[in-house]
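Hi,

Here is the structure I said I would pass on. Have a look through it first, and then read my notes below.

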Amino acid sequence: MSWGTELWDQFDNLEKHTQWGIDVLEKYIKFVKERTEIELGYAKQLRNLSKKYQPKKNSKEEEEYRYTSTKAFLATLNEMNDYAGQHEVISENMTSLITGELTRYVQELKQERKSHFHDGRKAQQHIETCWKQLEASKRRFERDCKEADRAQQYFEKMDADINVTKADVEKARQQAQLRHQMAEDSKAEYSSTLQKFNSEQHDHYYTHIPNIFQKIQDMEERRIVRIGESMKTFAEVDRQVIPIIGKCLDEITKAAESVDHKSDSQMVIEAFKSGFEPPGDIDFEDFTQPMKRTISESSLSNSRGDGKSEPKFGSKSKGKLWPFIKKNKGAGPEDFSNLPPEQRRKKLQQKVDELNKDIQKEMDQRDALTKMKDVYIKNPQMGDAASVDHRLAELGQNIEKLRLEVQKFEGWLAEVEGRLPPRNEQARRQSGLYEAQNTSAVNSCAQDRESSPDGSYTEEQSQETEMKVPATDFDDEFDDEEPLPTIGTCKALYTFEGQNEGTISVAEGEMLYVIEEDKGDGWTRIRRNEDEEGYVPTSYVEVYLDKNAKGAMTYI
């Protein structure tokens, strides 16, 4: 099967077909190029999407990624970034292996096609020239033959006419012979030209044209093979990244399987656990006792005169805020005493760990400088050993400062852990403060009612006595309560500076009254005088409880 033998007369159609083949190849190149642009755009969008949902550094959002579900999401984002990278690889490989190679091949193909069809046209022009020469020789032979026939007929006519002289007859005879000779010469030339043309024509259709068409056929078949190989490469480029994409998807699946709802729930507990216990039950207070008394002016006056006037719910008290729950604006205290016990313990532990890491870094630097100094001592030409002494001294001071800081925070941590329950046990009671507040609220509500002489209750109608619902937020102030009775005395073992609202400052050796003992939270409520009371750390005072003094209302 050869174009040279089967398509010997289809030069123009072959020219059109090969041009169509080149157009197809250029169309495929354009297709692959657009595919690479799509892959790059897709990869860019994937990277932007991954970056958009990445947590911002040193932000609250970054802290939220400690949960297993958010860790899995972060792993998904990272894998999507790698996934996008594989699409960039697809684009790069298609550009280099297909688009670039085929573009160069098309240029070579166009040059080769142009050369082959130039040779074909040249051969076509040669055979056409030979054909024209043959036609000219043939027409000349035909003309000479006709001239020879006319000359012979004229001679015969002159020879038969008796009136014509011998000279005229001889002249006619010579003219006829000349024309016959010219006809023979034209015949010989025509015969030679015809043989030559036949030879050229045979070579043209059986040698030159087949060779040229065979080259064109080979060129076209190479184009077809090349575009097929490119299509195979197109698939292989995708197939090469499938294992890596599969690994990305496997990692996403692995991250999804690592999500642990129980672990996340435990992290929520660790993140927000205060270490306090819920408030206990409120004691029942019997308000029917005054109704059973003998109604008299003296009893009413005595009961009103002996007791303290009850403050209304609308009024405010001072120094009743829980010191840990106070939300400080700005930086909190260094010992994190503004936090609940459990959160304070976590913060202190975190601070100790950070300081230990800083100490380790400083020690590593000191060890490196020490080794450098030893090298300088052994090899003075490498450097001056005294040049690192200042830095070593500075590192030693830094380490000492950091160790003192660690000791300070470890002391606070030991203080907190000494009064916190084990991690696997029920947390202790927060304090009796909430219970006291609820109890005082009931007392205030009941005592705002006054007994009438006939034993009935009357409500005060003024807006000043209107009962208000206590705020549940610990940042709000509590309503006034009846001053608590003293239950003992205490002696300050150390000086304490009460900087938070709800605490009170004491001096070493000072004697004070105890009005509420430690409920397990590490704080004792004391009173200095009628206007000064608050909380101090239990470890700072020595308490002497006096059960008989519970009802006393004595002040310093």
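What follows is a short tour of what turned up, one topic at a time.

Before anything else, keep in mind that this is a predicted model.

Let's begin with the salt bridges. There are 23 of them in the structure. One of them pairs Arg121 with Glu15, where the closest N and O atoms are 2.0 Å apart. Arg121 sits in helix α4 (residues 68–160) and Glu15 in helix α2, so this pair ties together parts that are 106 residues apart in sequence. At a relative accessible area of 36%, Arg121 is partly exposed.

Another one is between Arg35 and Asp238, with 2.9 Å between the closest N and O atoms. This pair also links distant parts of the chain, as Arg35 is in helix α2 and Asp238 is in helix α5 (residues 166–257), 203 residues apart. Are the two partners buried or partly exposed? Arg35 counts as buried because its relative accessibility is 16%, under the 20% cut-off. Asp238 has a relative accessible area of 24%, so it is partly exposed.

Glu362, in helix α8 (residues 341–378), is buried yet has no salt bridge. The nearest side chain of opposite charge belongs to Arg391, 4.8 Å away, and a salt bridge needs the atoms within 4 Å. Leaving aside neighbours within four places in sequence, Glu362 is in contact with Leu395, Asn398, Ile399 and Leu402.

On to the strands. β3 (residues 488–492) and β4 (residues 511–516) pair antiparallel over four bridges, and Lys491 stands opposite Met511 in β4. β4 is also joined to β5 (residues 523–529), again antiparallel, by three bridges; here Val514 has Ile526 in β5 as its bridge partner. β4 and β5 form a hairpin with six residues between them, and Gly520 in the turn has a positive phi of about 105°. There is a salt-bridge network to look at too, linking Glu516, Arg525, Arg527 and Glu533.

Last, the surface: Leu49, Tyr53 and Phe73 make a nonpolar patch of about 280 Å². Tyr53 is in the loop between α2 (11–52) and α3 (60–63), and counts as partly exposed at 39% relative accessibility.

Cheers

Note on methods:
Residues are numbered from 1 along each chain as its sequence is written. This is a predicted model: local features need pLDDT of at least 70, side-chain atom pairs count only at pLDDT 80 or more; totals for chains, interfaces and linings use all residues. Side-chain values use heavy atoms; hydrogens and water are left out. Helices (H or I, at least four residues) and strands (E, at least two) are DSSP runs, numbered from the N terminus. Buried means under 20% relative accessible area, exposed over 50%, partly exposed in between (1.4 Å probe, protein chains only). Lys and Arg count as positive and Asp and Glu as negative; His and the chain ends are not counted. Contact means heavy atoms within 4.5 Å. Patches are made of residues with over 30% relative accessible area and no salt bridge: like charges are joined within 9 Å, nonpolar side chains (Val, Leu, Ile, Met, Phe, Trp, Tyr) within 5 Å. Accessible areas come from the Shrake-Rupley method with a 1.4 Å probe; for residues, only the protein chains shown count as cover. Two strands pair if DSSP finds at least two bridges between them.
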